[in-house]
Amino acid sequence: SLLGVMVVIDLPDGGEIASGNGLVFVNLPPAASVALTASASRITRSSDPASLNGILIPVSSVLTAIVKYTTGTTQDFSTDARTVYTITSGSDLAVINGRTISANPAKTSGNGTVTVSVTFPATFPGITASVTINLVTLNRMVLQAYPYPSYTSAPPIQTVYQLQCTGKFQRASLALSAYLSDGSQPYSVTSFASFTSSDTSVVSISSNVLVAYRSGA
């Protein structure tokens, strides 16, 4: 590599004898490999509910490229001008800005896998690596009711019954889950939801607790 340097020769009393600019050739050791990582393995669109509180999938992912030399030393080439990032699959889903991957603003729907590669054509020919990032979307929301007070392994219920000889009804605890397009474990978003009753003479809802007053649906 060709580097520009500035040389300054100082006197003991603080004066300057001379200064000048020059070029220095620096021979880098051969590169053995490169490790490419992403700050987030999943991203979503800023307009998708998956980016909101309770799920908080990031809307971008930052790439890091660490080159390992044959000497065993490493160097961060993430922001080096000689580093080239390329989307090799899923280019319709995402775009690259510098080393940041985000959803393609021209495509407002769809999900899938994006593969990004890193190369160094002018510096380390043949040295490459890739990483995959999933573009996910909110797939569905599932609302279920459980016995209240809740207990471990309680099954969901669809009916609350009147308690014998009391005139009162069972209560139920509502739970809202969010499922993403990649089939990952659901997110509990109950605490971020607002529940309302279509007929408050039948049931009312306080926080996420359903209180029944009479028979109805």
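Predicted model: local features only at pLDDT ≥ 70, side-chain atom pairs only at ≥ 80, totals over all residues.
1. E7 and strand E10 (residues 112-119) run antiparallel and are joined by five bridges. If you want a spot to check there, Thr 86 has Ser 117 in E10 as its bridge partner.

2. Next, have a look at Ser 51, in the loop between strand E4 (42-43) and strand E5 (60-69). Its relative accessibility is 17%, so Ser 51 counts as buried, the cut-off being under 20%. Setting aside neighbours within four places in sequence, Ser 51 is in contact with residues including Thr 44, Arg 45, Leu 56 and Val 59.

3. Ile 127 is another loop residue, placed between E10 and strand E11 (128-135). With 13% relative accessibility, Ile 127 counts as buried too. The C-alpha atoms of Ile 127 and Ser 33 are 6.0 Å apart, although 94 residues separate the two along the chain. Leaving out residues up to four places away in sequence, Ile 127 touches Ala 31, Ala 32, Ser 33 and Val 34, and also Val 118, Thr 119 and Phe 120.

4. Now the aromatics. The count comes to four aromatic pairs. One of them is Tyr 69 with Phe 124: the ring centres are 6.1 Å apart and the planes are at 70°, so this pair is edge-to-face. Tyr 69 belongs to strand E5 and Phe 124 to the loop between E10 and E11, so the pair ties together parts 55 residues apart in sequence. Tyr 69 is buried, at 5% relative accessible area, and Phe 124 counts as buried at 6%.

5. Phe 124 also pairs with Phe 77, with ring centres 5.5 Å apart and planes at 75°, so that pair is edge-to-face as well. Phe 77 lies in the loop between strand E6 (74-76) and E7, so its pairing with Phe 124 ties together parts 47 residues apart in sequence. Both Phe 77 and Phe 124 are buried. Together with Tyr 69 and Phe 120, they form one aromatic cluster.

Conventions: Residues numbered from 1 in each chain as written. Heavy atoms only, no water. Helix = DSSP H or I, 4+ residues; strand = E, 2+ residues; numbered from the N terminus. Buried < 20%, exposed > 50% of the residue type's maximum accessible area, 1.4 Å probe, protein only. Contact = heavy atoms within 4.5 Å. Pairing = 2+ DSSP bridges. Phe/Tyr/Trp six-rings, centres within 6.5 Å; stacked < 30°, edge-to-face > 60°.
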